[in-house]
Amino acid sequence: MGEQLGDWKRTHTCGALRPEHVGADVVLLGWVHRVRDLGGVLFIDLRDRHGISQVVVRDEEALLAVAKRLRPEFVVGVTGAVQRRSPDTVNAKIATGEVEVVAREFRLLNEAKTPPFQIAEDTPVSEDVRLRYRYLDLRRPRLQSNIGLRHKIALGIRKYFDEHGFWEIETPILTKSTPEGARDYLVPSRVHAGEFYALPQSPQIFKQILMIGGTDRYFQITRCFRDEDLRADRQPEFTQVDVEMSFASETQIFDLIEPLIQRVFDISGHQIETPFRRMPYAEAMARYGSDKPDLRCGLEIVEVSTAFAESAFRVFKQIVTDGGVIRGIVVPGGNKYTRNQIDGIVEQAKQIGFGGLIWVRPGEPPTSSVKALTEGELREAIRLGQATSDDLLLLAGGAPEQTSKLLGQLRLAIAKRENLLNPEQFSFLWVTDFPLLEWNGDDGRWFSMHHPFTSPADADLDKLELDPGSVRAKAYDLVLNGSEIGGGSIRIHDAALQARIFQRLGISDEEAKLRFGFFLEALEYGTPPHGGIALGLDRIVALLANESSIREVIAFPKTATAVDLMASAPSPVDAKQLRELHIRTQK
């Protein structure tokens, strides 16, 4: 059993001691990091979240006997005097490395079992073991650094919005299920038999109601919940920075968010420039094959269809005749690739989904993997792609969007292969003018590309019924290095237009009233124009911490199968609880 802390009070953290503290009596409290027993002298590294201090025990047998009992991860207190280390023992790797504490008394506050992995060293450990023992993993420097960075960023965000006249307001966690997108997490009601709350996928409706309520400027660092298949950058519960403004335009949103991002990056020691680039969705898809393009590597998709309009190669000619496209990627320096290297790229393209990939080597004369392509056609394609004699031109054909999407995946694969994605480079982009709607053939109806409260572009309102696929939205995403870190829109503030959108989505008046009745009623009481954005806090912190998974910046994440290995959740509940909730389960 451990000793009691008693009247001991920590005077300094384990990372605080410096030469100016020499001669001072101190009390340190923390975990034993390492013990080095040199016989008559014993060194203990004592650790807390702030750092490590070296404690030395020498000469005094009773104190040595106590110190020799200590093991890694024991919780201890020590009193003693700070002294300067001799020049040959200074440890430049830690901030406290010029001094040490000569121990006078120890209190063993708690013992510890041998941990299942090293805390003192960042040795590889399987993710399942780390998540099972998350309370130990949280002691390791990497995770403590990430969680500390997250705190500083969240604090900076709150200060920024306060300076700009925003109020932080909490919106409900138990709310109404409005299934339109990802699946809801449902919470059964005990007092209303057979009825359910839903955990919010976002505070969307409530933040719009706050604008109707005259709040003017709202933000919230909020938890959201989506019951969806998970990936490295997804969790069933996640945190977003939710923002809404009355009387806002897209430009005002951009002008608000860019300095915020600048401040957040400054907190982590990175300088970024504003304004960010802006690009319409259609252009992003054509040039990069993605609505969240990574701009760090270049490798833009080039349009070369006109070179093959009358091609002797019938496959290309037929594609162009049928309204398709021939597009390609210029790989800088790719002409030096061996045939085996090029064959490897072609094989990779097949795995991505290409029916075929054609390569062209500029030169005198240019050569290609397809003999039917004439020298004139190749020269024209090289000219259109602005390829030099050192480059390699890769070509594919088909329907415009599908061809660009496949080339978009190929450009990223090549960029990773050639190490063109510098983690210290931050390329921001606003993607704008998204399609308002997208067609789902399985359901035979239109769906909102973002959500059904997004306003159509003013110029496209007359197309809503006749040509819905061409209607653009006042929607925008903020993209960083190929990841969407935020998304928002200008909202519909007119009840009649909202009704038109619901009709276009195949949502009847009765269904709309059932799902969104309170919100639709609120729209009729003087709703100001408004818009906003939600920023993914987990993703932003992960990018700044140079982590590939958001699990590394969340204190208590779940696995890719939505399991909490530490708490063993989800788990069965007893029959009495189920009866109280009027629920029966079946396998």
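Me: In this predicted model, a residue is called exposed when its relative accessible area is over 50%. Why does D122 count as exposed?

Reply: D122 has a relative accessibility of 56%, and since the cut-off is over 50%, D122 counts as exposed. D122 sits in the loop between strand 5 (99–110) and helix 2 (127–132).

Me: What is D122 in contact with, leaving aside neighbours within four places in sequence?

Reply: R140 and R142 are in contact with D122.

Me: What makes the pairing of the Q208 and Q204 side chains a polar contact?

Reply: The side chains of Q208 and Q204 are joined at 2.9 Å, and the limit for N or O atoms is 3.5 Å, so the distance meets the definition.

Me: Why are helix 4 and helix 14 called oblique to each other?

Reply: Helix 4 (residues 141–163) and helix 14 (residues 537–544) pack at about 125°, with axes 10 Å apart. Roughly perpendicular ends at 115 degrees and roughly antiparallel starts over 145, so an angle between these limits is oblique. The two helices, helix 4 and helix 14, are therefore oblique to each other.

Me: Which residues of helix 4 and helix 14 meet?

Reply: N146, L149, R150, I153 and I157 of helix 4 meet L537, D538, V541 and L544 of helix 14. By class, this contact has six nonpolar, one polar and two charged residues.

Methods
Residues are numbered from 1 along each chain as its sequence is written. This is a predicted model: local features need pLDDT of at least 70, side-chain atom pairs count only at pLDDT 80 or more; totals for chains, interfaces and linings use all residues. Side-chain values use heavy atoms; hydrogens and water are left out. Axes are lines fitted to C-alpha atoms, for helices over the stretch in contact, and angles run from 0 to 180 degrees between N-to-C directions. Helices (H or I, at least four residues) and strands (E, at least two) are DSSP runs, numbered from the N terminus. Angles under 35 degrees count as roughly parallel, over 145 as roughly antiparallel, 65 to 115 as roughly perpendicular and the rest as oblique. Contact means heavy atoms within 4.5 Å. Ala, Val, Leu, Ile, Met, Phe, Trp, Tyr, Cys and Pro count as nonpolar, Asp, Glu, Lys and Arg as charged, and the others, Gly among them, as polar. A polar contact is a pair of N or O atoms within 3.5 Å; within protein, one must be able to donate a hydrogen and the other to accept it, and residues adjacent in sequence count only if both atoms are side-chain atoms. Buried means under 20% relative accessible area, exposed over 50%, partly exposed in between (1.4 Å probe, protein chains only).
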